[in-house]
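This report walks through a model and the way its parts meet. Please keep the sequence and the 3D view open while reading.

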Amino acid sequence: MKETGRLLYLKGVATLRLDQEACIGCGMCLTVCPQEVFAFAPGKKVRIIEQDACMECGACMMNCPVEALWVQSGVGCAQAVFNTMLGRSSEACCSLKDKPGGGSCC
Amino acid sequence: MIGKILTPVGPVPQVATVLAGRDRWGALRVRLGLGRMQYTVEPGLYAVGAPQEDSPVLVTANYKLSFDHLRTALAGQDAWVLVLDTNGINVWCAAGKGTFGTAALCAQVAASRVAQLVRHRRLVVPQLGASGIAAHAVKQQSGFAVVYGPVMARHLPEFLACGMQATQAMRRKNFSLSERAVLVPVELAIACKWALPLSALLYGASGLFGPASFWENVRAHGGGWTMAGLWSGVVAGTVLTPLLLPVLPGRAFSLKGGAAGLMAALAFLSVFFPRSGVSGNALTALAWLLLIPAIASFLGMEFTGASPYTSLSGVKKEMRLAVPLQVAAALCGLFLLVWARRLQ
């Protein structure tokens, strides 16, 4: 089967924000992003080239040394949303309120 | 484990880079969803080959499938492997939960006394662990610099040979047909947890209610068709949706699942219509046209958890619309199915 280009999820929902003023152009976000959301921009800065490809994993925010990136990070998993709504946390599967050390399913 | 190597900090277990039959059997089992939560290795420091003080230190999670991927990728290399305690969860999910995180990494670096074994101060962390690790904080707290390795362990030899440089392709997480196909058994196994008991319940009920013997009652109620309909939905959601993901219409997984379900429903009806002698055919057909896509849409939506490109904001958005529709379609379908039975 022919693989179509890249898989993109819903348009215009990713919460990723870049403060280009604060950016020092270290390129750490380009290294950690598994979806090629970023590219270098003129003036030793980074820019967002594919906002819709962002899966909100939070790797860029975690690794930005100057806090120029912000994203409401979380797992894009319907079961985790259900688990959170049902008040299940940690013992069975992922939940959005998981604390480090909790159990899991994924 | 193939032995131990003696080091200044004590004996370090040495692991093979070739999987034993037992490892392959274990991998097969977890791919089928059996004992997936208890497939762990002991956290700590391991040796691959005969690592020296210049050998790289590679970090991973204590899910045995992750650990096995890493050690087989290191055939012919000398390296130290530092395994964090992630409760048997893979790197990506554990990073999302924070168990594969800065604190756990720094603690394991200290506990393993790896600083006494190597001259350099570099840790190779899988790129997909980056959502739990702050490289600059690790440097501050442990003195070790984090170098993000490739997404896939199998690219490690090339990465190491190139002086720890990853190509752009190594940094990109794809979701190829084979990567999706390998997830099908576990998706199916998870769905079976409710679909099998439900099947047994429906089958049993259709046999017990009625004047004739069990099997005649099942036939009279169209129990076989009920099974076929239910499982068409399950297969559409857990097999067709993952396999056909890029070609199914829309971006939302509930929509893709629904489309796969519609295909399955049409296939089901093409067999059902000519062969079923029962009256109320049209109503039953309409019922399955609602039920099969509803089941497939729900299961397709569940596949967001296994995909490497869905965001939480997106999942919440599609769920707000899709879940009420799925429930409505399922309820209407059930109502029609019962009504069709009444007419007979």
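This is a predicted model: local features need pLDDT of at least 70, side-chain atom pairs count only at pLDDT 80 or more; totals for chains, interfaces and linings use all residues.

**Helices of chain B**

Helix 2 of chain B covers residues 64-73. Seven of its 10 residues are buried, so helix 2 of chain B is largely enclosed by the rest of the structure. Among the buried residues are the nonpolar B:Phe67, B:Leu70 and B:Ala73. The charged residues B:Asp68 and B:Arg71 are buried as well. B:Ser66 and B:His69 complete the buried set of helix 2 of chain B.

Next comes a helix pair. Two packed helices are described by the angle between their axes and the distance between the axes. Helix 12 of chain B spans residues 253-275 and packs against helix 13 of chain B at about 150°. The axes of helix 12 and helix 13 of chain B lie 7 Å apart. Their crossing is right-handed. The residues of this contact comprise 18 nonpolar, seven polar and one charged.

**Where chain B meets chain A**

The contact between the chains involves 45 residues of chain B and 42 residues of chain A. Four helices of chain B each give two or more residues to the side that touches chain A. They are listed here.

| Helix of chain B | Residues |
|---|---|
| Helix 3 | 91-97 |
| Helix 5 | 135-142 |
| Helix 13 | 281-302 |
| Helix 14 | 312-343 |

Which helix of chain B gives the largest share of the side that touches chain A? Helix 14 of chain B does, with eight residues. By class, the side of chain B that touches chain A holds 21 nonpolar, 15 polar and nine charged residues.

**Chain A**

Chain A has three helices and four strands. Along the sequence, their order is β-α-β-β-α-β-α. Of the 106 residues in chain A, 41% are buried. Among contacts in chain A between residues at least 6 apart in sequence, 35% join residues at least 24 apart.

Terms used:
Residues are numbered from 1 along each chain as its sequence is written. Chains are lettered from A and ligands numbered from 1 in the order in which they are written. Two residues are in contact if their C-beta atoms, placed from the backbone, lie within 7 Å. A residue is buried if 20 or more other C-beta atoms lie within 10 Å of its own, exposed if 12 or fewer, and partly exposed in between; C-beta atoms are placed from the backbone. Axes are lines fitted to C-alpha atoms, for helices over the stretch in contact, and angles run from 0 to 180 degrees between N-to-C directions. A crossing is left-handed if the near helix is turned anticlockwise from the far one by less than a right angle, and right-handed if clockwise.
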